[in-house]
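My notes are in the order I looked things up.

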Amino acid sequence: MWSDIETRSDYLNYLEVAEVVSEILLDPAMRPVSVGIFGTWGTGKSSLLNLIEADLKHRANDGVIVIRFDAWLYQGFDDARAALMDVIARTLYDKAKEDAGLLGLARRLLARVNTVRTLGLAIEVVAAAHGIPVFGAAARAVDAVGNYVAGQPGADDAKAVAEGGKEVRKLVEPEKKKSPPEEIDAFRAEFGELLTKLGKTLIVFVDNLDRCLPTQTIQTLEALRLFLFMESSAFVVAADEDMVRHSVSQYFRDADTRHVKDYLDKLIQVPVRVPRLGIAEIRAYLFMLFTNASIGDTNAVERLRERLETNLRLSWKEAPLSIEDALAVLGEEGKELRNSFDVADRMAALLANAPLVEGNPRIVKRMLNVVRLRSRIASRREMPVDEQMVAKFALFERCVEPTAITKMYSLINEAPSGKPDLIATLEALRDDPPKFIEVCPDEWKKNATFLLDWFGLSPSLGGLDLRPLVYLSRETTPLRTQSAELSQAAARAALRLRSIRTLASPAAKEAIQSIPAGEHVGVMRDLIAVLRTHADWKGKPEAFNGAQLLADVNPAAAEELAAFVHGLPGQSPPWLRAAIGDKDWYKEEK
């Protein structure tokens, strides 16, 4: 299995990008500078930050101070601007406390952060400085804070600060009779002076900004520019660019598209986008994941990593490293990885190009964890499947629509001995794409291009009992055990009743009429098994429509549903009370 946290090893040939960013950050002519590391969820932004940090320390040794700030950790607990300033000031204090000449300056900087936090300058005053309109209690609080720091508070000021939600305790200190802008200027001056005397470059990494709410996001970005942008400082912001733009548009409600774009462009001088992975990169990534999970010789693992990295850097003129060459690099221990490398070799192209994956490293890693988990379960159950079959089905589930997945498993459930004829038919039609698409069920036609390649992956599945793969997919299709006890007609009816959108559905009525006598309770239990997997009862699951219609025509089935409903924890949601509150079988607790 593989951990779902960022790595400090370069499996994706990101080091080239990290080296370029390091050169920008260390170039005195570029500072102060802000670099944006942009990419969607799971593309490797945090891992790229790790590589940049390692390269910075390698190049500059003790000449840089690198600070990591996770904006998400402070959400809901502290003002983002004050939190960022505090983290930086405390780090500089630790660096300066061994120098008696700098210790007093470092202490004053820390005290300045506390003043900013106490006065609330990091909210209203900074917002006003940026031209953000403030109204009502918030506007009065800005004026009141100004009176306090000027040493002229009045009764109305105290009331205004309270209404604005500000703390006003410990404000009667004579040395702090500064206006809000003066407090900001004082912080900047002391911050810049301390950096100059330390003789080091401060580089701040801001991560997980795209996980924050709009207010937290904007506060953090403003702190970078307003408080901390000095000649000896540089900033690297890792985020999903679209999510940050969304935060800007939400925070500044009247901003149009151009102003949203301009806002971020002014804050981020050098945008760097995480490279999208191609087939070669995904293939090498899979090789390294399998190797790292299986080989204990760290030297052998590092040899393969370096060989793959070199191969990727020369991919413009060299062919991808062959499986044989990769195994040879690992030596004797590598022999056990042949099957895994075969899986990686076959899956790389689909993982790189599938619309629902698009080479996303985190998605790839999570899918491999699914494969490894299912393979272990299959081994314990002595099922006649291997890792390649498991990987093929996991890939199918990851890359197609939910309706296509449901269709696949219903075909297997309904086929004699779990061997759908359609599987073998489509495998034979791969060389005739028009005919292949024609034969595909309607639920698969949208994914026909992917399926052409998927059916071509080894191993072939035609003529094999695929029921073990259905069993292993329980987290994707969580309701097969009850269906297995039903006749084919009842199982087919249960499948249709799971996805009924309205109570007036003709399909539901047909399905109920097709249930053989004596199997209504079994079908209801099947539907209840689906309902038990529903996490949020604020919304009505589609399977409940089918269950409700079945309960209306069969008293025994109604008793099963009533027992389930009365067993739900907490108060029944409004939609449930409105839907069946007048039913006799619902009112009577079982």
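These entries cover peptide bonds first, then phi angles.

Entry 1. I reminded myself that this is a predicted model. I'll keep that in mind for every angle below.

Entry 2. I looked up the bond between Arg31 and Pro32 and found it cis, with omega about 0°. Then I checked where Pro32 sits: it is in the loop between helix H1 (15-26) and strand S1 (33-38).

Entry 3. I went on to Ser458 and Pro459. The peptide bond from Ser458 to Pro459 is cis too, and its omega is near 0°. I placed Pro459 in the loop that runs between helix H22 (448-456) and helix H23 (467-472).

Entry 4. On to phi. Glu382 is not a glycine, yet I read a positive phi of about 55° for it. I found Glu382 in the loop between helix H16 (361-380) and helix H17 (387-399). Is Glu382 buried or exposed? I got 71% relative accessibility, so Glu382 counts as exposed, given that the cut-off for exposed is over 50%.

Entry 5. Ser417 was next on my list. Its phi is near 55°, again a positive value in a residue other than glycine. Where is Ser417? I traced Ser417 to the loop between helix H18 (402-414) and helix H19 (421-428). The relative accessible area of Ser417 is 41%, so I put it down as partly exposed.

Entry 6. To recap my list: cis bonds at Arg31 to Pro32 and at Ser458 to Pro459, and positive phi at Glu382 and at Ser417.

Definitions and conventions. Residues are numbered from 1 along each chain as its sequence is written. This is a predicted model: local features need pLDDT of at least 70, side-chain atom pairs count only at pLDDT 80 or more; totals for chains, interfaces and linings use all residues. Side-chain values use heavy atoms; hydrogens and water are left out. Helices (H or I, at least four residues) and strands (E, at least two) are DSSP runs, numbered from the N terminus. Buried means under 20% relative accessible area, exposed over 50%, partly exposed in between (1.4 Å probe, protein chains only).
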